[in-house]
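Reader: I'd like a close look at a single part of this one, and then how the rest is laid out around it. Could you walk me through it?

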Amino acid sequence: MIRIAVAEDNLFLAKAIKEKLELFEDIKLKFIAENGAELIEMLEKDLNVDVILMDIQMPVMDGIKATEIIHAKHPQIKIVMLTVFNDEESVYNAISAGANGYLLKDTEPEILFAGLKEVLNGGATMNPSIALKTLNLLRNPKKEKIEVETKKEESLTKRELEILKQVSRGLNYKQIAANLMISPSTVRKHIENVYKKLNVHNKVEAIQKGLKNNLI
């Protein structure tokens, strides 16, 4: 019996994952958490878990940070990222955090089941496209690129860092404006500046770069 825990904040996707897992008699779904922090709390009460299926982008605590913490505290638990993010940066961050596998959410149930058995046997599971990105990362180390990006991100102002941290918690413009006692339009302007300085195009990319360089 493979005992599974899931971290997924989208209720519709969580239900879809649950339905995939229920197709197999050898799988027992222990619990579903809505974010990384909740997952860690659940594990403190019940460590009888073999594999975690981990989303990346979640409120409160994302899957990369949760993977890093769980891998350090409970290395016996295998972690497979189950996400829609297939960019090299997400793959790099997940592997660096200690993930044992990386699958996309549209993975067929049979492939997901085979992947779970693979990691439990000491292997690693990845979609072919993810495996190719991993090879590219090994062939082209990102150290120099990361150092350049870090210098850029250090140029964020104190206010921009505050706003980036609040964006990472899932707050909208109005909520951030109320917390910092500024107008929503000012928040929007600061976020636009953050995007330019980090060379990103949306909140998800900004949060990922902020996490990677310990800005949030």
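Predicted model: local features only at pLDDT ≥ 70, side-chain atom pairs only at ≥ 80, totals over all residues.

Author: You'll find Pro-59 in the loop between β3 and α3 (63-73). Leaving aside neighbours within four places in sequence, Pro-59 is in contact with Asp-9, Glu-34, Asn-35 and Arg-169. As for Leu-161, it sits 102 residues from Pro-59 in sequence and 17 Å away in space, C-alpha to C-alpha.

Now for the sheet. β3 (residues 51-54) runs parallel to β1 (residues 2-7), and 4 bridges join the two. In that pairing, Val-6 stands opposite Leu-53 in β3. Zooming out, 6 strands make up an open sheet with parallel pairing, ordered β2-β1-β3-β4-β5-β6. The edges are β2 (27-33) and β6 (125-126); each has a single partner strand, so one side of each lacks a neighbour in the sheet. Helix α1 (residues 11-21) lies across β1, β2, β3 and β4 (78-83), at about 170° to β2.

Then there's a helix pair. The axes of α8 (residues 158-168) and α10 (residues 184-198) come within 10 Å and cross at roughly 95°, which means α8 is roughly perpendicular to α10. On the α8 side, the contact residues are Arg-159, Glu-160, Ile-163, Leu-164 and Val-167. They meet a set in α10 including Val-187, His-190, Ile-191 and Lys-197. By class, the α8 contact with α10 has 7 nonpolar, 2 polar and 3 charged residues.

Notes. Residues numbered from 1 in each chain as written. Heavy atoms only, no water. Axes fitted to C-alpha atoms, helices over the stretch in contact; angles between N-to-C directions. Parallel < 35°, antiparallel > 145°, perpendicular 65-115°, else oblique. Contact = heavy atoms within 4.5 Å. Nonpolar A, V, L, I, M, F, W, Y, C, P; charged D, E, K, R; others polar. Pairing = 2+ DSSP bridges.
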